Amino acid sequence: MNNIMDWIKLKAEIRAFGAEIGIDKIGFTDALPLTEHLPLLLSRQNAGYRFAINEGDPQKRISPMLHLPQAKSIISVAVAYSGHNGEKPETAEPVRGRISVISQGTDYHKVVRAKLTKLREFILANIPEAQIEIFVDTGEILEKAIAVKAGLGWFGRNTLLITHEFGSWVSLGELVTDLPLPADEPCPDSCGPCRRCLTACPTRAIDEEKNINLDRCLACLTLTKALPPAEVREQMGDTLYGCDICQAICPINQKNGAAKEIQGSIALDEAYPILLDILQMSNAEYKKRFGHTSGAWRGRTPMQRNAVIVVGNLQDFSAIPALKAILAADSRPVLRAAAAWALGKLGTEQCQDALLKALAVEQDNEVLTEINLALYNKKKGPQDYGTPFSS
Ligand code: SF4
Ligand code: SF4
């Protein structure tokens, strides 16, 4: 291929093949360093904003050529996903918790990677000597910035990539290549004066500069291992895993159809599991039930810890025996600490007795703190359970 028309023709062929294999949007951009994003990444560090688990070195994230030295262009793709968003089971009982749309169904990393692998093979069939690296949401490169530059969508105030057609309900991926594919036009910012996501966020995690404070974001806190800070536990509401609030409120998502369409065979029970089942779930049951989802690699503990918090928030008194069992005998301190908090929220005599029994035998400092706080908060109620923080 020697002239620009050949590359333009190849772009059209890539787009057509991508559509055939279920890639919803494809854009092209150069592989030059995204140096304009470095100050933002560094300012996040300086502001104390923690990076997400899978984010790498800022210099490498802005520089595709540090991953493929001969890189000349990037093919950026978006695959729309959907699931149960907002609709709840008809009955209030048994009490259930909500799983975010991206965490329902088959792991989107696998879906997008499979499509990118096919696209790579298609290009190699045309140009066998091409060098092509696949990236799918691994945090190694700035994929949202690349998608904006490639014209797929814009960087919303909720920090997500928003497409005109599918809103933010898209998974991204990239092929970084040494082929000199001509770049598309970037997509202009289209949020306008809207600020709905900022005001809807229950923990006020989003700021005006398009940063999300991951120490306050439920999408992060409900997936990681530590106990969420006390001040955000009530704000979790019925959040069992992940958070869609700043997406569900976005007018672009509401006007497009993708968010309401339910693809595949995602059962409502998979999106809104019964909390008691989650509390009592063994490792083997977790793998059977959630092993195919994007969060599976994190194991069952974060989901069970969240379930404990949510039964406290939703005042699910049927869960008290399960909470007592966790506080008394679960080997995981984070589960026992969450159970102490939830029993304190439920606040019955039974709960208080369980907390006092645990106070006498518990050895872990974080759990002891939660037990004492639960008892201290109750002390402000009708019964006095003694001096706080004594053991
Ligand atoms: Fe806030 Fe939830 Fe959006 Fe995080 S995912 S910024 S907690 S609304
Ligand atoms: Fe932009 Fe409004 Fe959507 Fe937030 S809710 S991302 S401000 S359009």
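Modeller: Start with ligand 2. By class, its shell holds six nonpolar, two polar and two charged residues. This is a predicted model: local features need pLDDT of at least 70, side-chain atom pairs count only at pLDDT 80 or more, and totals for chains, interfaces and linings use all residues. Residues are numbered from 1 along each chain as its sequence is written, chains are lettered from A and ligands numbered from 1 in the order in which they are written, and side-chain values use heavy atoms, with hydrogens and water left out.

Colleague: Which residues are around ligand 2?

Modeller: They are G156, R157, N158, I162, C191, C194, R196, C197, C250 and P251. A residue is near a molecule if one of its heavy atoms lies within 4 Å of it.

Colleague: What makes a residue nonpolar, charged or polar?

Modeller: Ala, Val, Leu, Ile, Met, Phe, Trp, Tyr, Cys and Pro count as nonpolar. Asp, Glu, Lys and Arg count as charged, and the others, Gly among them, as polar.

Colleague: Why is strand β7 called mostly covered?

Modeller: Eight of the eight residues of β7 (residues 170-177) are buried. Buried means under 20% relative accessible area; exposed is over 50%, and partly exposed lies in between (1.4 Å probe, protein chains only). Both faces of β7 are covered: V170, L172, E174 and V176 are buried on one side, and S171, G173, L175 and T177 on the other.

Colleague: Why do we say that β2 and β7 pair?

Modeller: Two strands pair if DSSP finds at least two bridges between them. Strand β2 (residues 73-80) and β7 have eight bridges, so they pair, in the antiparallel sense. I74 stands opposite V176 in β7.

Colleague: How many bridges join strand β4 to β7?

Modeller: Four bridges join β4 (residues 132-135) to β7, and the two run antiparallel. I134 has L175 as its bridge partner in β7.

Colleague: What order do the strands take in the open sheet?

Modeller: The order is β1-β2-β7-β4, with antiparallel pairing. Strands β1 (25-30) and β4 are called edge strands because each pairs on one side only.

Colleague: What makes the contact between helix α16 and helix α17?

Modeller: The axes of α16 (residues 333-346) and α17 (residues 349-361) come within 8 Å and cross at roughly 145°. Axes are lines fitted to C-alpha atoms, for helices over the stretch in contact, and angles run from 0 to 180 degrees between N-to-C directions. A340, L343, G344 and L346 of α16 meet C351, A354 and L355 of α17. Contact means heavy atoms within 4.5 Å.
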